[in-house]
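Colleague: I would like to learn how to read side-chain features in a model like this one, taking each idea in general before its case here. Could we go through them in turn?

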Amino acid sequence: MPEPNLTNPELQESLRALEGGDEASLMDATPLGVSALEDNAPLGPEGESGPLHENAGGAQAASLPVPVADVPAGPGGPGAPPGILEREDLYAHLMGERAQAQTDDIALDRDSVDELMAELDKVHARPAPEAAAGSAAEEGPLSQDMLDAIIAAASTEEAVVSENLAAAATTPAPDFDALTQKDLDHIIDKARELGLAIKGLEQGTVPETAPVMPASPRPRLRLNFAFRRPRLLERFTARTMARLAAALLLGIGVGSGTYVYLTQTPGPESPVPVETSAPPEDLGTAIEQARELSTAGDYAGAVKLLEEPLAEAQEDPRRLDAEYVMMEARVKGFVFEADSPAYMQLHDDLDALVKEDPEHPRAPEALMWKASLYDLDGLHSSAFQTCEDIVRHYPNFKQRDAVLLNLAQMGLKMHRASSTAQYAQQLINEYPGSEHAGEAWLSLGQAYEMAGMVAEARTLYVRLAEDAGNTALGNKSLLYLARLAHGRGEYQASTHVLEDLLATTTTTAGSDEAYLLLAQSYRKMARLAEARGTLNDLLKFFPESDVTPRAYVELSQVTELMEGPGAALRIAEQAVARFPDEPEVLKSKGTLLGLTGSPYGAATTLVAAEAAGAQEPGLLLAAVRHYRTAGSPDLALETYRRLVERYPGAPEAYKGGIEQAEMMLESEQPSAAVNQLEELAVMTADTPEHVEVLLALTDLYKELGLTDKVAELAGQIADESKEPEALARTALTLIQANKLEDGLALLERAPADQLPEPLQYRVEMEAGKALLQIDPARGLEKMEAAYDRFVNQRTAEEEQVLLEAYLKADRTAAARRVVSELEARVKQRPVDTPWLIDAAIKWGDHLYGKADYRAAADAYAIASAAAAQSTPPAAGVTKDARWAVFQHANALLQLSDYEESVKLFDEIAASDAAWAEDARAKADYARLEQRRRGFPVTPAPAPAKAS
């Protein structure tokens, strides 16, 4: 069957206008153009409407024109009213100067919307509030005047409320002792009518059996106003309070009357349950009884009731009808479990049922059930294809509008904007009065969002919100409008819309989601106290809402910002206690455990989050790293295997495989590590991850000393990649593998200004170190430049190499600078003390060898003082700190400072150092020189007492 929205002449004219880029034609064309939304097509600047945008292949895609002329008169209402504003005028009202002047607000102002809605109100004139019509055929004890006053009070403003209630209060109270059966029936009938009327007010519709009541349009959007934090109990308006008062007043009367009625009238006998132990012999009777059970929610009973009659009625023409009744009960009673035998059997049985008679009236229903199962399993593409089959092969299906809505919503789940727009428009065009038309308009707005047509989506949501009024559709439109602003970082606009929604709504439907989004916007604006208060209100008033788990996650994030991860973790633990199977809740707790220094708990919780349905490979990769930090290599390897098995094509799986090879090498399994990376290299061929795997394999070959393999892989990387970082990392590996010329040649292809600072520093330092062997001056120049340029990237090890290069080049002043900077750093970072001891001793030895004994003594003194500041005295990384004391004494002896040298020699002589005997002999020599020169002789230390 040709699809109307793709073949009508007006749409073809619109499509031609889009393809030709004629703006004037575009404005005059059919307001909905599906082909303008191409899946995955490059999009122009957000908020831009009308102009065409070039994609990478030269094809053109245009923004869908906003459906200004087709906005329904209400939820699912008919097409556009006459006299509606043209697109240019609408943009002048909604997207004009305000959009440019106020980037923190929504692109429309109240005056413009009021003017626009005034035009709409001329056509969609709502009835003025007045007393509800209708009068009782006969006067009962509860007077008609009193009922009229109650109904009018529930729909007018506060002044009218007080007057009508006052009038109602003057009606004499009924004498229940004098009530007749007819009187009681009259009261009950009136109570039912009033209850339906009140329910109609809340839902935005008036049941046919209820008194006619005036509409209650939503107040115009207020985009700039003073707002206090919304609370559910504070949002009751005078109209709501009047309704409550009316219900209470009537409830007293009805309750009393009902009590008298029940006490005077004998109750009916208890209903006899359907007997299921003995199935009916007639298949038709079984079908009817099974339908009754299924309607009552007893799906298992319905299935059991039909099993035996079906087995005995294979030739009965009603057998297929019974099969469908049973299948419906099976589907509705199915508890989903992916890939379970019951799930697979259900699919097989549905296929067999439809195949037996594809023209059966309920065949498309069976396909709808099949699509719903696919959707539960996350197989949105299969669900989409099944629904398309229904639309294609069953054009007269009575639930065709619901199928079209499913297609539009499946398109959203698959991120296919054009499919969503196509089927949403088809529903609107074919079934303008459908109960699903409002949802179709919202899906169309989401398709605009997905395509980057922000202005069009915003306009559609505003029009729907204003036209639908205070209904579920109107509330949802405002919520989508706020989400649109929030997603674009327009948090001020989002809070304005949400505050207006919560301040004006008279129903709790959708308020929980609005509270959550409002709290998220507050957090983004750093209004943390308001965010916390809003979340507490949400958890207080909607404790069992579907959004409650997400509210706990948001509250933990807000608390982390306000009080730190420890306080946030306590909230996350409360959430897990309430919702132990919610992936987002488990993920939040796992992340916070990692931040608070509990790596093992973090790892196990993140694995549980992924198993609960998070389906994020990054969670398993983070868990692996936490396991490694916690010293649990076996669990780490097991989680690596899970990551690779469950997400074989994900980038995180390749990263996990690389890290798994590193663990194998650390555990002295080099062959297993090589095999792991070589397999990954084959698996990732022709993928962006291939070069990353080759780089890891190159590093592994370098560690194993396989320099020829390193060079071979480096050439392959150089051929495959043009990324500066990949080339620089490969050059670094070549240099470290003593392939200096190859490394330097490859490094020339990696511009330094395109590399991250840590990598630039490493490459320059490694190249300098390698050049020291063949061109010391050039090598030292490279190292010195990197050391001076990247102060924050310096490492102690490379600092020692640079110091040694300075000393080898006899640049003692530069060496002094390195030691002095290290000495200053140790005062802030005592952990670097061993490196200072080594550096000072190296510098002192060089000076001593040059006979610069005074400078040498100063250098050794730095090392000795650094060691003495620790308890016990620190040692160098490669040097014994006592060598600094011994050499300090030697330098002082050379300077004829006998008194100080003797003290230091005695200190070493009393130790177990390798130079103790030499120190004792030199101490004796120093004392001899003191006597010979007539100086006071330093007394020898007292001999140690025997223990």
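Colleague: To begin with accessibility, is Arg794 buried, partly exposed or exposed?

Modeller: Keep in mind that this is a predicted model, in which local features need pLDDT of at least 70 and side-chain atom pairs count only at pLDDT 80 or more, while totals for chains, interfaces and linings use all residues. Residues are numbered from 1 along each chain as its sequence is written, and side-chain values use heavy atoms, with hydrogens and water left out. Buried means under 20% relative accessible area, exposed over 50%, and partly exposed in between, with a 1.4 Å probe and protein chains only. Arg794 has a relative accessibility of 23%, so it counts as partly exposed.

Colleague: With which residue does Arg794 form a salt bridge, and which parts of the chain does the pair tie together?

Modeller: Side chains of opposite charge can pair when their charged atoms come close. The criterion for a salt bridge is a side-chain nitrogen of Lys or Arg within 4 Å of a carboxyl oxygen of Asp or Glu. Arg794 forms such a bridge with Glu821, the closest N and O atoms being 3.2 Å apart. Because Arg794 lies in the loop between helix H38 (776-789) and helix H39 (796-808), and Glu821 in helix H40 (residues 812-828), the pair ties together parts that are 27 residues apart in sequence. Helices here are DSSP runs (H or I, at least four residues), numbered from the N terminus. Glu821 is partly exposed as well, at 29% relative accessible area.

Colleague: How many salt bridges does a search of the whole structure find, and where does a bridge lie within one helix?

Modeller: The search finds 47 salt bridges. Among them, Arg932 and Glu929 meet at 2.8 Å, N to O, and being three residues apart in helix H45 (residues 916-932), these two are separated by about one helical turn. Arg932 counts as exposed at 58% relative accessibility, whereas Glu929, at 6%, counts as buried.

Colleague: How many aromatic pairs are there, and what is the geometry of the pair Tyr461 and Tyr480?

Modeller: Rings of Phe, Tyr and Trp (its six-membered ring) pair if their centres lie within 6.5 Å, and planes under 30 degrees apart count as stacked, over 60 as edge-to-face and the rest as tilted. The whole structure holds 14 aromatic pairs. The rings of Tyr461 and Tyr480 have centres 5.8 Å apart and planes at 85°, so this pair is edge-to-face. Tyr461 in helix H20 (residues 454-468) and Tyr480 in helix H21 (residues 472-487) are 19 residues apart, and both are buried.
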